Amino acid sequence: MKSIEKKKIVGDGTWAALIPFILITSCFALWGFANDITNPMVKAFSKIFRMSVTEGALVQVAFYGGYFAMAFPAAIFIRKYSYKAGVMMGLGLYALGAFLFFPAKLTGDYYPFLLAYFILTCGLSFLETSSNPYILSMGAEETATRRLNLAQAFNPMGSLLGMYVAMNFIQNRLHPMDTAERAQLSDADFVAIRDADLSTLIAPYLMIGLVTLGVLLLIRFTKMPRNNDQTHNIDFVPTLKRIFAVPRYREGVLAQFFYVGAQIMCWTFIIQYGTRLFMETGMEEQAAEVLSQKYNIIAMAIFCTSRFICTFLLRYLNPGLLLRTLAVVAGVLAIGVIFLQDVWGMYCLVGISACMSLMFPTIYGIALQGLGDDAKFGAAGLIMAILGGSVLPPVQAAIIDLHTLWGMPAVNLSFVLPFVCFVVVTIYGHRAYRKGWA
């Protein structure tokens with residue numbers, strides 16, 4: 001009976017199983033690209049529109065706010081229709097948000113870009129709410145967490161490409177005039193430079209919109225597997241009560257909130273951290289930003305490599321134990337980021353990415369284990385937890401805008417927030433290991 005169910009889930013034959021897996025896994029790379037071309041845009045928009053770091057961080061509020069707003073509507077949609085329909089809806093909204101960058105540029109204003117980001121990430125919310133549990137359903141439950149880690153390993157590949165594009169096709173091509181110099185420009189000169197910079201900024205988004213449409217068409221015309229439980233009843237409130245009564249799920253949502261907050265803070269504000277560090281050596285602001293982004297790319301390469309290593313280690317180590325161990329190491333490195341005011345602090349910040357690689361899919365897999373068809377709503381709660389990427393970065397940005405705090409660079413002290421996040425993840429990993437949740 002078990003083998004028959006598995007066949008229904010993953011399809012008939014090797015190619016029938018492999019091609020859908022590859023197509024859904026490509027979506028992981030697509031949202032990785034969107035996430036990590038966006039992180040450097042906090043600094044870019046701050047410069048283009050002559051804003052503070054806090055105002056620039058509204059990009060992250062809009063970006064991760066879309067995840068929060070659309071997660072449960074996405075789950076209801078998926079429950080009523082299918083994972084495939086959810087993936088297609090996600091890709092459609094992703095493409096629409098990317099194409100809206102063009103009319104946003106024509107307005108010459110900051111806030112239409114926030115609307116475009118919000119719509120784009122409503123699509124990402126559909127994608128993640130659909131794709132993660134879809135991958136979990138494509139095989140035996142005993143290997144589900146390992147399978148999700150493998151699919152998630154392609155997410156940082158998209159992230160690396162996003163970072164590369166951000167550095168070489170946006171940051172390097174923006175007008176070299178720094179923020180202070182832009183503040184002295186006449187209105188006419190400011191508008192001319194702003195419009196040229198916005199034309200540079202939107203080009204990669206328009207291109208990824210076309211790519212996303214291509215993937216949407218491929219999935220539309222490919223026969224995809226259907227999960228074995230075809231319940232379409234919504235039962236929204238009873239289902240929520242049922243899943244939030246499960247401790248490993250309830251605590252997993254909380255852990256995911258803090259993990260995502262830590263991830264976004266470490267990858268967004270590495271630019272501010274490095275810019276301050278390298279400008280102290282006499283480097284120009286734009287050169288310091290580009291060098292900081294290179295460190296960010298190194299961090300993502302380490303993250304990507306570590307994801308494959310951790311996926312291998314999960315064959316031999318308990319997921320909760322490995323999660324706890326890496327969270328402890330990440331917390332120690334965060335202390336180094338705070339107190340080391342030289343390049344060693346940057347090395348610690350880069351090193352955190354090696355520890356973070358395991359966290360999202362492992363928390364996700366532990367939390368959803370055993371939920372069955374309720375995983376469709378359970379996935380939505382875990383995607384809503386991505387709100388941590390919207391709530392926590394503006395708090396860190398507000399600290400950074402203080403410039404100096406208690407005699408130390410505020411950007412250094414701001415990394416106490418990721419430290420707290422890793423403490424929460426450590427506790428979840430410990431409980432998962434001790435209570436046998438994983």
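## Phe257 and its surroundings

Leaving aside residues up to four places away in sequence, Phe257 touches Ala385, Leu387, Gly388, Val391 and Leu392. Phe257 itself is found in helix H14, which covers residues 247-268, and this placement, like everything else described here, is read from a predicted model. A further relation concerns Gly381, which stands 124 residues from Phe257 along the chain, while the C-alpha atoms of Phe257 and Gly381 are separated by 10.0 Å.

The chain is divided into domain 1, residues 12-225, and domain 2, residues 235-437. The C-alpha centres of domain 1 and domain 2 lie 19 Å apart, and the contact between the two domains involves 52 residues of domain 1 and 54 residues of domain 2. Between them, domain 1 and domain 2 bury about 4900 Å², and 69% of this area is on carbon and sulfur atoms.

## Polar and charged links across the domains

On the side of domain 1 that touches domain 2, at least two residues each are supplied by helix H3 (41-48), helix H4 (53-56), helix H5 (58-80), helix H8 (111-137), helix H9 (144-152) and helix H10 (155-170). Helix H5 gives the most to this side of domain 1, with 12 residues. By residue class, the side of domain 1 that touches domain 2 divides into 28 nonpolar, 16 polar and eight charged residues.

Glu285 lies in helix H16, which comprises residues 285-313. Is Glu285 buried or exposed? The relative accessibility of Glu285 is 10%, and because buried means under 20% relative accessible area, Glu285 counts as buried. The side chain of Glu285 is joined to the side chain of Lys43 by a polar contact of 3.2 Å.

Terms used: Residues numbered from 1 in each chain as written. Predicted model: local features only at pLDDT ≥ 70, side-chain atom pairs only at ≥ 80, totals over all residues. Heavy atoms only, no water. Domains from an automatic or database assignment. Contact = heavy atoms within 4.5 Å. Buried area = accessible area lost by both parts, 1.4 Å probe. Helix = DSSP H or I, 4+ residues; strand = E, 2+ residues; numbered from the N terminus. Nonpolar A, V, L, I, M, F, W, Y, C, P; charged D, E, K, R; others polar. Buried < 20%, exposed > 50% of the residue type's maximum accessible area, 1.4 Å probe, protein only. Polar contact = N/O pair within 3.5 Å; in protein donor to acceptor, adjacent residues only side chain to side chain.
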